[in-house]
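Q: I've got a structure open and would like to talk through a few parts of it. Can we go piece by piece?

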Amino acid sequence: MVSMELWNHCENPYPFVPAEVLDAADSVRASLPNKYCDPQTAARLYDEIWEEYRLCDDIGLHIVTNEHHSGINNLWAASPVITGIVASMTSKVRILTLGTLVTVRPDPVRVATEYATIDVISKGRLDIGFVKSGATEMVSGNANPMHIREREWEAIDLIEKSLTTHDGPFSWEGKFFTHPHVNVWPRPYQSPRPDFWAATSDLPTCAELGRRGFVNTLLFGGYERTRKAYDAYKQARVVAGLPKAGEDRFSYMAFCYVGDTDEEAMRIGQKIPWFLTVSIKSSPQFSKFQPGAVAPEMAPAAWRGGASKRPTDLSVASLIAQGQMFCGNPDTVAKQIKEFRQRVGGVGRIIMMTRQGLVTHAQAMKSFNLAAKEVLPQLQDLPAIDDSSIAVAAE
Amino acid sequence: MRIELETLRRGSGRPILVLHGVNPVSPTAPFLDPLAKHGEVIAPSHPGFGASPMPADFETIYDLVNLYQDVIDDLPGDDVTLIGLGFGGWIAAEVAVTRPAKLSRLVLADPVGIKIGGREDRDIAHFFNSHPADLTKRAWHDPSKRPAGCYGLGWQAGIDDTMTDAEMVSLARNWDSLCLYSWTPHMYNPRLKPWLRRIAVPTLVLWGESDGIVTPDYGRAYAGLIPGATFETIHAAGHHPELEQPAAFADRVARFIGAGA
């Protein structure tokens, strides 16, 4: 039997910049001056979300933090800072940092130190997630956008060794990072280390996550891309002769709103895709023309007019149909999540993006209460999914 | 280690080695024929540009500088003129600092590579973080005069349905490689400036009068750091005088080569 988890992911968006400013700006990330961010409004937003996190701790929704920089989409500019605060204010639920952008951090040992500290403060409730990043983040972080996947893996390896070495100091002289004297204090609370997650739908990367046993999370991948990613993970384990991964190794992030009725949820849920319609507007030099953004052989497809991977129909109904949103009354949402789990071959951890766009604090609190009290119980003790076809395919 | 370089050759005689800027020298570039009257123009594509493969673990200016010392060592004779354009001007200046035995003349056209101003002065417009329209405005005196098939800074603004997939793949590859070599510090080596005094060959520094990527004032300061260097501007040209004013460019270089011969 499988019991699913629900996680709350809020990016602390700042949807208060006047529309005419956003319309006139080339990019709402990286280059929008911070005169448009009112610190008093930001302080109120932090307070609201701390209250949401305290509620999550009480009702059993785990918490995801992340970071993006210099834009209206996200005020979690330093994930270790935010995650440390969350560790201190909660006592029961797990906390996933997804994560500080290791491709823009010059010293992974410092990242390991921050995470080890948070793990101790939380008394072992920290999970550590990695994201490759790119686009405006490379500009805001002044990080060379070339070779970032390779750099990310070296950073992950160094962080892992930093967290698991207890008879140091040790020396690291890699391609991207050198540190002759690594000796992290405090050591992490969990042994051998906090669980590692990574967000990707890149199939070779999913296969590597499978071999390493990381949790593979997808963001808005929809049914088909998610299934392929999880299959790549599973097949890599079969080929490597590793035991079958449990559903807790698979995670999926979707927009989510739970209301008293389907009608109410659809109405409020329509405020969430602001994330796609407004908050990711980005200049061409920060997106399709950024070095490394697309492999050169893919450039013609990416550069010719109209080429975009973004969904064009952002209605709640369309997003639900594509498996990118769970939205409705508690029974509807439970049914949507169960169907998603079936169609992707099993997933144990659903990350809900609820406090997004123009969704208010009160509306978010309501959805979290319904999710924890009326959806989560329906996701417990589910029958296992038969994915024996994976083993056959790998043979 | 053998490194393959796609190389454009034009004319014959004493070698004129041309190190390109953001994109390799196009076979249709109008400055080639007039320049080739004065020697053999040899224009390799840097590793990772054009059809030149990117060797494994090849990723810094240091790699390019050592590579082009090898290239100069392998050229025939002992009278090599080195021309560096924009980004290639940075490489050429670095190479000249090492005093290759066969190098007899240096031409830098709108080179990047050094820091002149204060810490809050942007000497070099950011190649990667600037909007393509802004780059075009800064890089060209008159973008409409860009020769067909030749691309400089702001090339993204020139993408249209007439461009072939192969051209796009090549431009993307060039852009990636340029970024790998030069992202940070952006387009300069903090240690180059004090060593420019080692350049020991006659040097001509050419500058497009309308260059808004690196201004003529930057160029004057650059030339002032190279012993005996001559600084000249080219009218009605931006960051790519060899593309906007090919006749004037070739003429200045020819006079300089002739004077130094």
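Q: Which residues of helix H6 (residues 216–224) of chain B are buried?
A: With the caution that this is a predicted model, the buried residues of that helix are Tyr218(B), Gly219(B), Tyr222(B) and Ala223(B).

Q: And where do they sit around the axis of H6(B)?
A: They cover an arc of only 135° around the axis, which means that they lie on the same side of H6(B).

Q: Switching to chain A: at what angle do helix H4 (residues 108–121) and helix H6 (residues 148–164) pack?
A: Those two helices of chain A pack at an angle of about 50°, and their axes are 9 Å apart. Because angles from 65 to 115 degrees count as roughly perpendicular and those under 35 as roughly parallel, H4(A) and H6(A) are therefore oblique to each other.

Q: Is that crossing left-handed or right-handed?
A: The crossing of H4(A) and H6(A) is right-handed.

Q: Which residues make the contact?
A: H4(A) contributes Pro108(A), Val109(A), Val111(A), Ala112(A) and Ala116(A), while H6(A) contributes Ala155(A), Leu158(A), Ile159(A), Ser162(A) and Leu163(A). By class, this contact has nine nonpolar residues, one polar residue and no charged ones.

Q: Last topic: how many residues of chain A are in contact with chain B?
A: There are 18 residues of chain A in contact with 18 residues of chain B. On the side of chain A that touches chain B, the largest share, three residues, comes from helix H11 (residues 299–303) of chain A, and the residues of that side divide into ten nonpolar, six polar and two charged.

Technical notes:
Residues numbered from 1 in each chain as written. Chains lettered and ligands numbered in written order. Predicted model: local features only at pLDDT ≥ 70, side-chain atom pairs only at ≥ 80, totals over all residues. Contact = placed C-beta atoms within 7 Å. Helix = DSSP H or I, 4+ residues; strand = E, 2+ residues; numbered from the N terminus. Nonpolar A, V, L, I, M, F, W, Y, C, P; charged D, E, K, R; others polar. Axes fitted to C-alpha atoms, helices over the stretch in contact; angles between N-to-C directions. Parallel < 35°, antiparallel > 145°, perpendicular 65-115°, else oblique. Left-handed = near helix turned anticlockwise from the far one by under 90°. Buried ≥ 20, exposed ≤ 12 C-beta atoms within 10 Å, placed from the backbone. Arc of directions from axis to C-beta.
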